[in-house]
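User: Hey, I've got a structure open and want to walk through a few residues with you. Can we take them one by one?

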Amino acid sequence: MSEDGSRAISIIAFIGSVFSPWYRWSGRKDPANHCCINVATYGRGGRWTMTDRGRSALKLSDETMTVGPSSLHWDGEKLVIDLNEISTPHAQRLAGKVTIRPKTLTSVELPLTDDGRHVWRPFAPSSDIEVDLNRPGWRWNGHGYFDSNFGTAALEDDFSYWTWGRYPVPGGSVTFYDADRRDGSELSVAVRFGDDGSVEEIPGPPRTRMARSRWLVRRETRADPGTTPREVKMMLDAPFYSRSAVKTMIDGHETIGVHEALDLNRFGTKLIKPMLAVKVPRRARWQF
């Protein structure tokens with residue numbers, strides 16, 4: 001998010017694009033054949049890109065992940081993301097550079113299910129971010145976050161619903177991860193990440209309902225008793241997924257962070273996949 005809160009960007013690099021209808025229709029047998037760098041920019045002039053690419057577009061090394069015309073490179077101190085994508089439905093080029101400088105790196109790895117089929121890895125919970133894109137007004141600095149999720153099964157096979165939220169607090173940030181598993185159990189995790197590198201699992205404030213999204217996706221996050229979190233900036237509103245900037249109260253501190261809610265019952269329906277295909281074009285062939 002930008003320092004003034006007017007703009008935001010989300011970048012997700014996939015090997016095995018879990019939200020791609022093409023990957024689902026393929027039987028999810030070849031993750032490398034469904035790779036993608038999804039970019040969503042929010043604010044004036046915001047754009048969306050998510051192209052499902054074949055295995056010829058993927059190159060990997062210890063420091064670099066390349067997917068077609070875009071790449072991510074770790075130089076030991078910062079993550080540099082070079083973008084060159086085409087937005088849908090506007091068919092406009094979205095190109096430029098995003099640089100993420102972690103304040104600290106963690107070694108935290110959290111299984112989201114008891115069998116370890118899904119794992120969350122928050123590399124850099126607090127980071128500085130520089131954005132320089134080829135659109136008017138899209139050169140800014142702000143604060144960011146860098147994590148990964150790994151899995152050996154479809155999300156909708158093991159979860160029916162989850163929410164995630166990351167909120168700046170004095171001296172660092174807190175992240176809440178809550179999920180309803182298919183086996184009837186619940187995941188409920190609250191972690192405080194200090195800018196000094198400290199990591200502490202904390203007793204989070206209560207899960208608190210907030211207004212549903214425009215697509216009526218159920219939303220909740222953590223908030224001090226007696227307070228109600230609220231959306232202050234809509235980012236992504238889909239039939240099964242919501243991403244927004246949310247204002248909440250944590251340990252007496254008012255904070256605005258990024259919140260996500262995912263309804264995997266809706267995502268699993270057959271109707272959703274053709275709708276997604278409109279937003280996620282398939283480009284099976286690529287030549288460097």
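User: Let's start with Arg219: buried or exposed?

Analyst: Arg219 is buried, because its relative accessible area is 3%, and buried means under 20%, exposed over 50% and partly exposed in between, with a 1.4 Å probe and protein chains only. Before we go on, this is a predicted model, where local features need pLDDT of at least 70, side-chain atom pairs count only at pLDDT 80 or more, and totals for chains, interfaces and linings use all residues. Residues are numbered from 1 along each chain as its sequence is written, and side-chain values use heavy atoms, with hydrogens and water left out.

User: Good. Where does Arg219 lie, and what does it touch?

Analyst: Arg219 lies in strand S18, residues 219-222. Strands (E, at least two residues) and helices (H or I, at least four) are DSSP runs numbered from the N terminus. Not counting residues up to four places away in sequence, Arg219 touches a list of residues including Tyr161, Arg209, Glu231, Ser242 and His259; contact here means heavy atoms within 4.5 Å.

User: Switching to Asp158. Where is it found, and what does its side chain contact?

Analyst: Asp158 is found in helix H2, residues 155-158. Its side chain makes a polar contact of 2.6 Å with the side chain of Arg117. Asp158 counts as buried because its relative accessible area is 13%. Leaving aside neighbours within four places in sequence, Asp158 is in contact with Arg117, His118, Ala153, Arg181 and Arg182.

User: Now rings. How many aromatic pairs turn up in the whole structure?

Analyst: A search of the whole structure finds 16. Rings of Phe, Tyr and Trp (its six-membered ring) pair if their centres lie within 6.5 Å; planes under 30 degrees apart count as stacked, over 60 as edge-to-face and the rest as tilted. One of the pairs is Phe19 with Tyr241, tilted, at 6.1 Å centre to centre and 45° between the planes.

User: Why is the Trp138 and Trp140 pair called tilted?

Analyst: Their ring planes are at 55°, with the centres 6.1 Å apart, so that pair is tilted. Trp138 is buried at 1% relative accessible area, and Trp140 is buried at 9%.

User: Which residues do ring pairs link into a cluster?

Analyst: Phe14, Phe19, Phe240, Tyr241 and Phe267.

User: Last one, Ile12: where is it, and what is it in contact with?

Analyst: Ile12 is in strand S1, residues 8-15. Leaving aside neighbours within four places in sequence, Ile12 is in contact with Cys36, Ile37, Asn38 and Arg243. Ile12 is partly exposed, with a relative accessible area of 25%.

Definitions and conventions
Polar contact = N/O pair within 3.5 Å; in protein donor to acceptor, adjacent residues only side chain to side chain.
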